[in-house]
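Here is a short tour of one structure.

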Amino acid sequence: MSTGVSVYHLDRSPHNHTVRSPWALKKVNRQHEASQFQDRLVSEAKILQELKHPNIVGFRGFSKTDDGRQVLAMEVCNESLGNLIEESAENGETRFQPDKILTVIAGIAKGLQYLHEEKELLHGDIKSHNVLIKGNFEEIKLCDFGVSLPLRTASVEDYVGTGAWSAPETLDEGPLTDRADIFSLGLVIWEMLTLRTPNVDVSESVSFSDSFDSINIGQHYGETPELPGDLTSDYNLVVDIYQWCTQQLYTRRPTARDILDKLREAGIPLNMSPPQVTL
């Protein structure tokens, strides 16, 4: 994967007869040590250290390895949503079940409400590979804050994102608001409904893990892709939220709080106790 960084699993030895939780270690690949990826890792560490929420991946530490490269330590999650989507497609499935999709929507929306309202921060790169799943969808967590931006002061010129998931206004003249993340959430919903990458021609042979910005397939970026025509009524709430999130005009999109209110009104359980953390 052409991202400039790699993530490793670290099993930590027991300390004073106490079992310690494993960590995920993220560090820049050697060939990118003096690149923008290093700056992004430093920025991500600073941001993640200030974030404490059940739907945000946990910060564990930031230091240097023996070879001098900086490394970010985080809590371990089982899998990314993007990998699960790929695996489902490879297994011949057509889409996720509605309860799983609604669980993911709720988890992302809770994380975004915290970011947008309490931290006044735009995640800036919501996509399936930046959504982590623990267990059998028991916990949903956002990760990868290397291109996150302060909502009060950042402009669309500062936005990086990933083209295939970017809101139309971020590809044009703005403005940059929290609704950019909401549009991207809508495209994550589309991914779960189709097991495909949004706004990429079906004829293109492109993997989820490819570097989209390096491939000349951007002609559909910022669009609202059509939904499959064979969705049953079980998906009505999912479809409603998808269509709401992917309105082309940003002012017509919901806030994260609006999405959570809609889920509550539909009787979707949202209560989740913060997990017990073992450092």
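Helices and strands here are DSSP runs, numbered from the N terminus; a helix (H or I) has at least four residues and a strand (E) at least two. The model is predicted.

**Backbone in the loops**

Most residues other than glycine have a negative phi, and most peptide bonds are trans. Glu120 has a positive phi, though it is not a glycine. Glu120 sits in the loop between helix 3 (98-118) and strand 6 (121-122). Leu195, not a glycine either, also has a positive phi. Its loop runs between helix 4 and helix 5.

| Residue | Phi | Relative accessibility | Class |
|---|---|---|---|
| Glu120 | about 50 degrees | 31% | partly exposed |
| Leu195 | about 60 degrees | 6% | buried |

The loop between strand 9 and helix 4 holds Pro175. A cis peptide bond links Gly174 to Pro175, with omega about 5 degrees.

Val160 lies in the loop between strand 9 (149-150) and helix 4. Val160 is partly exposed, at 39% relative accessibility. Beyond residues up to four places away in sequence, Val160 touches Arg40 and Val147. Val147 is 13 residues from Val160 in sequence, and their C-alpha atoms are 6.4 Å apart.

**The helix pair**

Helix 4 (residues 179-194) and helix 5 (residues 236-245) have axes that come within 8 Å and cross at roughly 140 degrees. The two helices are therefore oblique to each other. The crossing is left-handed. Helix 4 contributes Ile182, Phe183, Leu185, Gly186, Ile189, Trp190 and Leu193 to the contact, and helix 5 contributes Val238, Ile241, Tyr242 and Cys245. Of these contact residues, 10 are nonpolar, one is polar and none is charged.

Terms used: Residues numbered from 1 in each chain as written. Predicted model: local features only at pLDDT ≥ 70, side-chain atom pairs only at ≥ 80, totals over all residues. Heavy atoms only, no water. Axes fitted to C-alpha atoms, helices over the stretch in contact; angles between N-to-C directions. Parallel < 35°, antiparallel > 145°, perpendicular 65-115°, else oblique. Left-handed = near helix turned anticlockwise from the far one by under 90°. Contact = heavy atoms within 4.5 Å. Nonpolar A, V, L, I, M, F, W, Y, C, P; charged D, E, K, R; others polar. Buried < 20%, exposed > 50% of the residue type's maximum accessible area, 1.4 Å probe, protein only.
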